[in-house]
2 protein chains.
Amino acid sequence: MSATKKPVLFTALSPALLNLYDVTNSVVVIIDVLRATSTIATALHNGAKEIIPVDSVRECIRIGKQISAITAGERDGKVAEGLEHGNSPFEYPSSFIAGKTLVLTTTNGTKLLHMALNNGAQEIITGAFANLDAVCDHLLSQKKNVLLACAAWKDRVNFEDTVFAGAVIHRIGHHFDINCDASKLAEGLYEEAQSDLYEYMKNKKATHYLRLTSFGLEKDIRHCMTPNTANILPMYKQGKLIKK
Amino acid sequence: MSATKKPVLFTALSPALLNLYDVTNSVVVIIDVLRATSTIATALHNGAKEIIPVDSVRECIRIGKQISAITAGERDGKVAEGLEHGNSPFEYPSSFIAGKTLVLTTTNGTKLLHMALNNGAQEIITGAFANLDAVCDHLLSQKKNVLLACAAWKDRVNFEDTVFAGAVIHRIGHHFDINCDASKLAEGLYEEAQSDLYEYMKNKKATHYLRLTSFGLEKDIRHCMTPNTANILPMYKQGKLIKK
């Protein structure tokens, strides 16, 4: 009924659902809140020159050597063998990361980014609570179709990525035409949980809450569920994530 | 911490996520609330002898002729060409269906049932609000692992199947070990929407609400979102759904 047609917005709750959506005219937001996209925002906010996301530990080591960059990545909550650093945003203060290149390997987020790329996404950015407002501002300014793409956990729908999609929709959803129940579910979840996201995860015994707290990473969860701690926009350009 | 180990429960929000779960030791509940599994419960409750779910309209016609059964199925909200009846529970009062065999083709539900079968599910039943209590009672009595399998809409997560999964979890979830965020999301959704499921769908502009009301099917939605209108347990045995 509006005078101008709104762009559409969809949410893919798992990489296994990404192919259901046409992304060729869309901005795709890669969401991997615990902890890849939180760490990406943090490192770029703290002055990292660029971040190169790669699929495998081997590739991470190879590129790290080739360009003398910092290598980082975890498998099952520990720094992967042969890499120097982990996935925690706390490992990347400006005193350490400013001006440097980071080669980062993550299981779920990188896979999803490459899927979106192969599907012909018009633009790829990354989102987390750390840069919630920057993501929302960018999507509003672009006036393009949007796919919120949750990295999930080994294709299983997870709480933290879904609730971040919901946070975006809660803020800017009315500027889009949303004929997508997954988006409505995500928004409803956010509205239920927003008063204290960390406590909600804890009370609901969210899978990633249990997994990370078993490694003593409560502090990381609290930080990653806090809005706008690193409010910049990471954008994927020619194999690298750079600050827009 | 309990003396006896609880069985596990997972929820697959889309057929595209079914393969993530091992169903070989599980009861799989096929959920296609609007309207296949509502109609299946209703027809069996009203005395149908058995229901044969098939993938295609052609197969539906072939089997219908072969065994002189009633054929039913819709495509895009209308009775499919060559079939006699549609997917509405109102089409199957006992005066019509008692003692008869129904061959039913549905897009999403039948596909999912056959996937569960191919994955080696130990037992397959169907669930909808129409038979909510019968499903819960059965799952409690079996004390086996459970997969709540949502038929969704062309693999896209939908409101009504998710909220039904949530209704089951809300009632009996504490008897299971649930390390599954999708189940927690579904339960949260149900708890938010339970006071009036129809109004919630309407207010949220759920995709299937929009689709069915555009065909004038508000009455079907209201009926399908009402608990225990046909409180029996459909069980899949050798190609047929029968009343347990």
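Colleague: Is the crossing in which α5(B) passes α6(B) left-handed or right-handed?

Modeller: This is a predicted model, in which local features need pLDDT of at least 70 and side-chain atom pairs count only at pLDDT 80 or more, while totals for chains, interfaces and linings use all residues. Residues are numbered from 1 along each chain as its sequence is written, with chains lettered from A and ligands numbered from 1 in the order in which they are written. A crossing is right-handed if the near helix is turned clockwise from the far one by less than a right angle, and left-handed if anticlockwise. The crossing in which α5(B) passes α6(B) is right-handed.

Colleague: How are α5(B) and α6(B) oriented to each other?

Modeller: Helix α5 of chain B covers residues 132-142 and helix α6 of chain B residues 159-172 (helices are DSSP runs of H or I, at least four residues, numbered from the N terminus). They pack at about 50°, with their axes 10 Å apart (axes are fitted to C-alpha atoms over the stretch in contact, and angles run from 0 to 180 degrees between N-to-C directions). Under 35 degrees counts as roughly parallel, over 145 as roughly antiparallel, 65 to 115 as roughly perpendicular and the rest as oblique. α5(B) and α6(B) are therefore oblique.

Colleague: Which residues of α6(B) meet α5(B)?

Modeller: From α5(B), the contact takes Leu132(B), Val135(B), Cys136(B), Leu139(B) and Leu140(B) (C-beta atoms, placed from the backbone, within 7 Å). By class, the residues of this contact are eight nonpolar, no polar and one charged (Ala, Val, Leu, Ile, Met, Phe, Trp, Tyr, Cys and Pro are nonpolar, Asp, Glu, Lys and Arg charged, the others, Gly among them, polar). The partners in α6(B) are Ala167(B), Val168(B), Arg171(B) and Ile172(B).

Colleague: Which helix gives the most to the side of chain B that touches chain A?

Modeller: The contact takes 23 residues from chain B and 23 residues from chain A. α6 and α7 (181-193) of chain B each supply at least two residues of the side of chain B that touches chain A. That side has eleven nonpolar, six polar and six charged residues. With seven residues, the helix that gives the most is α7(B).

Colleague: How are α7(A) and α7(B) oriented to each other?

Modeller: Helix α7 of chain A, residues 181-193, packs with α7(B) at an angle of about 75°, the axes being 10 Å apart. α7(A) and α7(B) are therefore roughly perpendicular.

Colleague: Which residues of α7(B) make the contact with α7(A)?

Modeller: On the side of α7(A), the contact is made by Leu185(A), Gly188(A), Leu189(A) and Glu192(A). The residues of the contact divide into four nonpolar, two polar and two charged. Those of α7(B) are Leu185(B), Gly188(B), Leu189(B) and Glu192(B).

Conventions: Two residues are in contact if their C-beta atoms, placed from the backbone, lie within 7 Å.
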